[in-house]
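Thanks for coming. Please have a look at it first.

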Amino acid sequence: MELIREADIDPAPLVGKRVAIIGFGNQGRAQALNLNDSGIEVVVGLREGSPSRAEVQAAGIAVSLPSEAAGDADLVMLLAPDETLPKIYAGLEPMLRPGTALGFSHGLAIHFQQIRPRSDLDVFLVAPKGPGTALRSLYKEGKGMIALWAVAQDSTGTARATALAYGRAIGCARAGLIASSFEEEAVADLFNENAVVWGGVPELLRAGFEALVGAGVTPEIAYMECVGELKLLAELIEARGIAGMREVISNTAEFGAEIGGPRIVDAGVRDRMRSILADIKSGEFARALSDEAATDYPKLRAARQRDRAAILERTFVRLRDLGGN
């Protein structure tokens, strides 16, 4: 694994250059603010009437329509939601000058060929491995978040240097930049979101909570046991690894994990995870995401409504209001 740190990266490729950030959401906000604090000239491209315009202006960053921002930029980062990027790129492409660098923080649109950039553009990836809120807070603390980087198209011969300089400017090189590819980043990230941290873990927490409540345990205690201890687990794994985590918990907890864990994550679960991975690699998930967006997100809207109405969420609110969460 190649890990490149800040001291090994030349910042010159971004000196005197103008960077357009398209979108001001999870990653767009953090990256724009970090770039601005690093002394890079930044403009944020937002649609007319965007509620984020006032926040951008309050931060002292220029804001304009996406096409105007892209037309004046040397580097354009597409940081709007994945499913919106093909349409956004189609509107920006006529404005992009030859040699412009086109950047992404997720490999989906390029790997699954939802966007086919012009051959005279550099195309690179810098993908921080965490949410934008953490990227921003770490930067302000003088720290960084590890990121993956890759180059898909190098029309100028400087795409690699630009990608690394960008990773440095948003603070990721403080922790390190790891060489990858658009395919590897997209597939691994989507698999994690579908099957592990963002998909599998919340469903496991919900199932455990419902099992205890169904057996007569009060919701507040069920929540504290099945959901509230997750933060402790994450902190222990981050500090010590999974093996080290098990070494510092009680013998009762460790023995229970040894007996119970394989009964939950059995061969059937592993088979279903491989099936999810196959759907991701085939492009089926990317197509489903596009279809969901085209129909105004019916599955996501229904899921959000369901989750907000669940007893688990009402229990969370009660504990939060009591100061116990």
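Let me start with Asp 189, which is buried, because its relative accessible area is 16%; buried means under 20%, exposed means over 50%, and partly exposed is in between, with a 1.4 Å probe and protein chains only. Before going further: this is a predicted model, where local features need pLDDT of at least 70 and side-chain atom pairs count only at pLDDT 80 or more, while totals for chains, interfaces and linings use all residues. Residues are numbered from 1 along each chain as its sequence is written, and side-chain values use heavy atoms, with hydrogens and water left out.

Back to Asp 189, which sits in helix H8. Helices here are DSSP runs of H or I with at least four residues, strands are runs of E with at least two, and both are numbered from the N terminus. Leaving aside neighbours within four places in sequence, Asp 189 is in contact with His 106 and Lys 129; contact means heavy atoms within 4.5 Å.

Glu 193 is also in helix H8. Is Glu 193 buried or partly exposed? Its relative accessible area is 34%, so Glu 193 counts as partly exposed. Not counting residues up to four places away in sequence, Glu 193 touches Trp 198 and Gly 199. An unreviewed UniProt entry annotates Asp 189 and Glu 193 as "binding site". UniProt positions are given in the numbering used here, feature names are shortened, and annotations may be inferred rather than shown by experiment.

Where does H8 go? Helix H8, residues 182–195, lies across S6, strand S7 (122–128) and strand S8 (147–153), and runs at about 35° to S7. Helix H4, residues 85–92, lies across S2, strand S5 (75–78) and strand S6 (101–104), at about 155° to S5. For these angles, axes are lines fitted to C-alpha atoms, for helices over the stretch in contact, and the angles run from 0 to 180 degrees between N-to-C directions.

Now the sheet. Nine strands form an open sheet with mixed pairing, in the order S1-S9-S8-S7-S6-S5-S2-S3-S4. At the edges are strand S1 (3–4) and strand S4 (62–64), each pairing on one side only. Two strands pair if DSSP finds at least two bridges between them. Strand S3, residues 41–45, runs parallel to S4 and is joined to it by three bridges. Gly 45 has Ser 64 as its bridge partner in S4.

The Arg 18 side chain makes a polar contact of 2.4 Å with the side chain of Glu 41. A polar contact is a pair of N or O atoms within 3.5 Å; within protein, one must be able to donate a hydrogen and the other to accept it, and residues adjacent in sequence count only if both atoms are side-chain atoms.

Two residues in the loop between helix H14 (284–294) and helix H15 (298–309) are worth a look: Asp 296 and Tyr 297. Phi is near 70° in Asp 296, a positive value in a residue other than glycine. Tyr 297 has a positive phi too, near 55°.

Last, the whole protein. It has 16 helices and nine strands. Buried residues make up 37% of the 325 residues.
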